[in-house]
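Thanks for asking me to look at this one.

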There are 2 protein chains.
Amino acid sequence: MTVIDVHNHVVPAEFPAAADPGVAARWPCMRHGAAGDATVMMGDTAFRAIDDRCWNMPRRLAEMDAEGVDVQVLSPMPELLSYWLPAEHALTIARHVNEAIAGMIAVAPARFAGLGMVPMQDPDLAARELSALKRDHGLAGVEIGSNVNGIVPGDPRFDGFFAEAERLDLAVFIHALHPVATERIVGPPRTAPFVLFPIDTGIAAASLITGGTLRKYPKLRVGFSHGGGVLASILPRLQFGWRLETMLQDSFASPIETARRLFYDNLVYDAATQRHLIATFGASQIFLGSDYPFVARQARPGDTLAELSPAEREAMSSENARRFLGL
Amino acid sequence: MTVIDVHNHVVPAEFPAAADPGVAARWPCMRHGAAGDATVMMGDTAFRAIDDRCWNMPRRLAEMDAEGVDVQVLSPMPELLSYWLPAEHALTIARHVNEAIAGMIAVAPARFAGLGMVPMQDPDLAARELSALKRDHGLAGVEIGSNVNGIVPGDPRFDGFFAEAERLDLAVFIHALHPVATERIVGPPRTAPFVLFPIDTGIAAASLITGGTLRKYPKLRVGFSHGGGVLASILPRLQFGWRLETMLQDSFASPIETARRLFYDNLVYDAATQRHLIATFGASQIFLGSDYPFVARQARPGDTLAELSPAEREAMSSENARRFLGL
């Protein structure tokens, strides 16, 4: 069994300086510590303690070998997406990150593929940058947030971006980011991402379905982090409503049929939930995701397939990932 | 098999006039048409076309007989909850609705039970009114919204309300209402409730878990509409985070254990999803819900249990409902 982990993250070891003092407060930089430890700073604020697994490819390869991972599809730590900066500054970060990912892949091209980033806060600029991402950096696709400053991916303003991703045969991986409804979380602040990442991801997926994105771009390949989040819980009710109301049928295609053309990672932390994803979306649409090397990661991602049939294992360990990535 | 439908709605045939012109624009009234048809108005605005199944108990009993329903647990059409009115005016509506439900039950006390309403926008007033709801109207519990003007049920300001519900042995049924994130829905307006009712319900359920409500009120009985919405999709990740972070363990109990003390209706429109609810929450925590007589209803709710084991059918058709309601 070849194990391809489609959901894991990298951070470049260094960042260029902010070109403009106006963006310095939200500009990423790295504060390196002892023994490979580091802190990603956003301006003067510590964002996350990380270590050199985020950029040290020999160390990463050793851990992949130890955990039975053949290929990692590298994507930016989502906070680097920088949708909150003016687009031209986010473009500077995007090009730096995309080049860094290309360099990481070059260390062991048989063991890595990459998803880059583009400044989605300017959809036209984002669409134009996809060519460079493919041509200059050889990346297989792009990671985008589950929302762009509150705008869902199914919003028509992103049509040009998805059209270009389809034209260039680039995969689009949608990852939870700055979720909605943080004011509705009770408990310590660390509660929010555990409750709301699945919700934001599910809303993003629903928006592509009800926005008709896949009807407009039938060859587009879109995958979701965290098993599509809450989409599996929404889908039967949305399908019921769609069957009930001709206005919905006139506006978008069967939600379940559309959902079964999208891809999902299996980072759902639970064998019963994975079973339910397979029943809902089909074993042909799910690939492995680990969130390596961050704290909420799934160790030994291939082991999550242990209870499945050989055909399901083969599809979910590598075949679906290759189809999603166009490899 | 005795079939108890815990999730269905009523609307009184008439409403008192608004006591204050300041609230008239959002005050419910009924515009009756021919042949039992009617429109619920909010001020001068049509809210929903309904018919006399909402208040005509003989017609309701005939349809229950035809659809194999032994007992309906009547609750207000959620828009009547009136959290957006000043509390004293919402109290007027609440008392009128609770009295109307008591009158509907009196038509056939062996065939009906009731969940009333209280003005949750004033938690102290809501808590005080629970006594009257039980003593004067003989109701088994209360329906509340999945949020109260944006505040989730797990917010500490509702502690006094839940304490009183526990003390009085009243069931609390939480129903989706005016959901979050409507601005993130793409497609016709009717798309929103199909996507967002499960999300708002899931956020409400998560708030009771992470807010520690059941730790504070261990005998409290809380049930959720629409199978708890997206809670089943959130729970494995929340449990994973809780195991990972001691700060969460210090603040609230095991999410999965807490979720297995809550109740859920089975209004999820899909046999595979019902199976997943049973695997996640346990067959002891799920009761029937139909949304009768509204358009998104499940006809013949008892039939949704056809594929289950006899023990699951017995529990979910009536035993769990009796336990939830304290009957």
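The points below cover the symmetry, the core and the aromatic rings of this predicted model.

1. Let me begin with how the chains are related. Chain B can be laid on chain A by a turn of 180 degrees with a shift of 0.0 Å along the axis, giving an RMSD of 0.0 Å. That is the relation of a two-fold axis. In chain B, V230(B) has the C-alpha nearest the axis, 2.9 Å from it.

2. The interface fits with this picture: 100% of the interface residues of chain B are also interface residues in chain A, so the copies meet through the same surface.

3. Beyond its neighbours within four places in sequence, V172(A) contacts several residues, among them V142(A), I144(A), F161(A), L220(A) and F324(A).

4. On to the rings: there are 18 aromatic pairs over all chains. Y269(A) and F240(B) have ring centres 4.2 Å apart and planes at 35 degrees, so this pair is tilted. Because Y269(A) lies in the loop between β10 and α10 of chain A and F240(B) in helix α7 of chain B, the pair joins two chains. Y269(A) is buried, at 15% relative accessible area.

5. Another pair is F263(B) with F287(B), stacked because the planes are at 15 degrees, with centres 6.3 Å apart. F263(B) is in strand β10 and F287(B) in strand β11, 24 residues apart. Both are buried, F263(B) at 4% relative accessibility and F287(B) at 0%.

6. Finally, a charge over a ring: the charged end of R48(A) sits over F294(A), 4.4 Å from the ring centre.

Methods. Residues are numbered from 1 along each chain as its sequence is written. Chains are lettered from A and ligands numbered from 1 in the order in which they are written. This is a predicted model: local features need pLDDT of at least 70, side-chain atom pairs count only at pLDDT 80 or more; totals for chains, interfaces and linings use all residues. Side-chain values use heavy atoms; hydrogens and water are left out. Copies are superposed by least squares on the C-alpha atoms of residues with pLDDT of at least 70 in both. Contact means heavy atoms within 4.5 Å. Rings of Phe, Tyr and Trp (its six-membered ring) pair if their centres lie within 6.5 Å; planes under 30 degrees apart count as stacked, over 60 as edge-to-face and the rest as tilted. Helices (H or I, at least four residues) and strands (E, at least two) are DSSP runs, numbered from the N terminus. Buried means under 20% relative accessible area, exposed over 50%, partly exposed in between (1.4 Å probe, protein chains only). A charge sits over a ring if NZ of Lys or CZ of Arg is within 6 Å of the ring centre and within 35 degrees of the ring normal.
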